[in-house]
Amino acid sequence: MSDTQRESGRPVFAAERRQRILELVRANGAVSLRELAQAVRSSEVTVRRDLRALESEGLLNRHHGGATLPGDFTREPSHTQKSAVAAAQKTAIADLAVSLVEDGDAIVIGPGTTTQEFARRLARHSDLTVVTNSLLVAQALAGCPRIEVVVTGGSLRGPILALVGTAAEGSLAGLRVRRAFVSGNGLSAERGLSTPSLQVAAVDRALAAAAEEVVVLADHTKIGHDTMVQTIPAGRIAHLVTDDDAPRDVLDELAAKGVRLHVAQL
C-alpha cells in the first residue's frame with residue numbers, strides 16, 4: 001500500500017473508531033479510557049486523541065481516565081447502565097471494602113452498583129446491623145440470617161432502585177452507626193462526592209450524618225469527575241476505596257485532605 005493510500009484510508013478508520021466510541025459512551029453514560037481502547041482495539045494514546053476531537057465537536061466530555069456524555073452534571077444513569085461500567089473494578093473494590101467491616105458493627109449503606117457488590121460480600125460476617133435505602137442492597141442481604149437489615153421509608157427512585165424523600169431522611173434521623181458506605185456519580189478533592197439528583201443527595205447526606213466515619217466506594221470513572229449536587233465534602237470522607245486506574249493526581253489531592261486511600265489492584 002502506498003503512502004497516499006495509507007493517508008487516504010486513515011480518516012475513514014478514525015471516523016469509524018470515533019463513532020464506536022460515541023456509541024459506547026451513549027450506551028453507558030461513562031466509560032474509562034482503558035475500556036474504550038480495548039473496545040476499539042487501539043492504543044490509549046490514539047483514543048485520547050479521538051476524545052479530544054469528539055469533545056471539540058461537543059459530542060462528549062473528557063475527564064480523568066475516560067469520557068462522559070455532555071450535560072453529565074444533571075444526567076442520572078440507570079442501574080442497568082451503571083452495571084455495565086467498570087464491572088471488574090467494582091468487584092475488586094467490594095472485595096477490599098469488606099475489610100472495613102467487623103462482626104458486631106452497625107453500618108449504613110447507600111445505593112449504587114458498587115455498594116450492591118459490597119453488600120453481597122457481607123454474608124461472611126455475623127451480628128451485623130445494616131441500614132439502607134437501597135432495594136438492591138436489601139435484596140443482596142435478604143438471605144443472611146446473621147445480619148439484621150433495616151430499610152428506610154421513602155419514595156422509590158426508579159433509575160437507582162432506592163428510596164428517597166423526607167420519609168427516607170426521617171428514617172435516618174437520630175441514628176448513630178460506626179460507618180457509612182456510600183457511592184456517587186463524581187468525586188473530586190474540591191467538591192467531594194456529588195450526584196445529579198437533589199433528592200438522592202439529601203438522603204446521602206443523612207446516611208453520612210448517621211455515621212462516625214464515611215467510606216466512599218468509587219471506581220476510577222468517578223474520580224476527578226463532578227456532577228451537579230455536592231453530597232459529602234472531601235473533608236468529611238475518612239476512607240476512599242477505589243481501583244488502580246484512578247488518576248493519581250486526584251488521589252494525592254484527596255489524601256492531602258485527610259482521606260485514607262485503599263486502592264484495589266486488578
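**Notebook: salt bridges and cores**

I began in helix H6 (residues 113–120), where Arg120 and Glu117 are 3 residues apart and so separated by about one helical turn. I note that the model is predicted. These two residues form a salt bridge, with the closest N and O atoms 2.4 Å apart. Arg120 is partly exposed, at 44% relative accessible area. Glu117 is buried, at 16%.

I then found that Glu117 also meets Arg121 in a salt bridge (3.0 Å, N to O). Arg121 is buried, with a relative accessible area of 15%. I traced the network of salt bridges: Asp95, Glu117, Arg120 and Arg121 are linked in it.

I looked up the count of salt bridges, and it comes to 15. One of them joins the side chains of Asp245 and Arg34 (2.8 Å, N to O). Asp245 sits in the loop between E14 and H10 and Arg34 in helix H2 (residues 33–40), so this pair ties together parts 211 residues apart in sequence. Asp245 is partly exposed at 21%. Arg34 is partly exposed at 32%.

I moved on to H10. Its buried residues include Val250, Leu251 and Leu254. They lie on the same side of H10, because they cover an arc of only 100 degrees around the axis. I see the buried residues of H10 packing against strand E10 (186–188), E14 and strand E15 (260–264). Gly258 follows H10, with a positive phi near 95 degrees.

Last, I opened the largest nonpolar core, which has 32 residues. Val182 and Leu254 are among those touching the most other members. H9 gives the most to this core, 5 residues. A second, separate core has 21 residues, including Leu128 and Cys144.

How values were computed: Residues numbered from 1 in each chain as written. Predicted model: local features only at pLDDT ≥ 70, side-chain atom pairs only at ≥ 80, totals over all residues. Heavy atoms only, no water. Core = buried A, V, L, I, M, F, W, Y, C linked by side-chain atoms within 4.5 Å. Buried < 20%, exposed > 50% of the residue type's maximum accessible area, 1.4 Å probe, protein only. Helix = DSSP H or I, 4+ residues; strand = E, 2+ residues; numbered from the N terminus. Arc of directions from axis to C-beta. Contact = heavy atoms within 4.5 Å. Salt bridge = Lys/Arg side-chain N within 4 Å of Asp/Glu carboxyl O.
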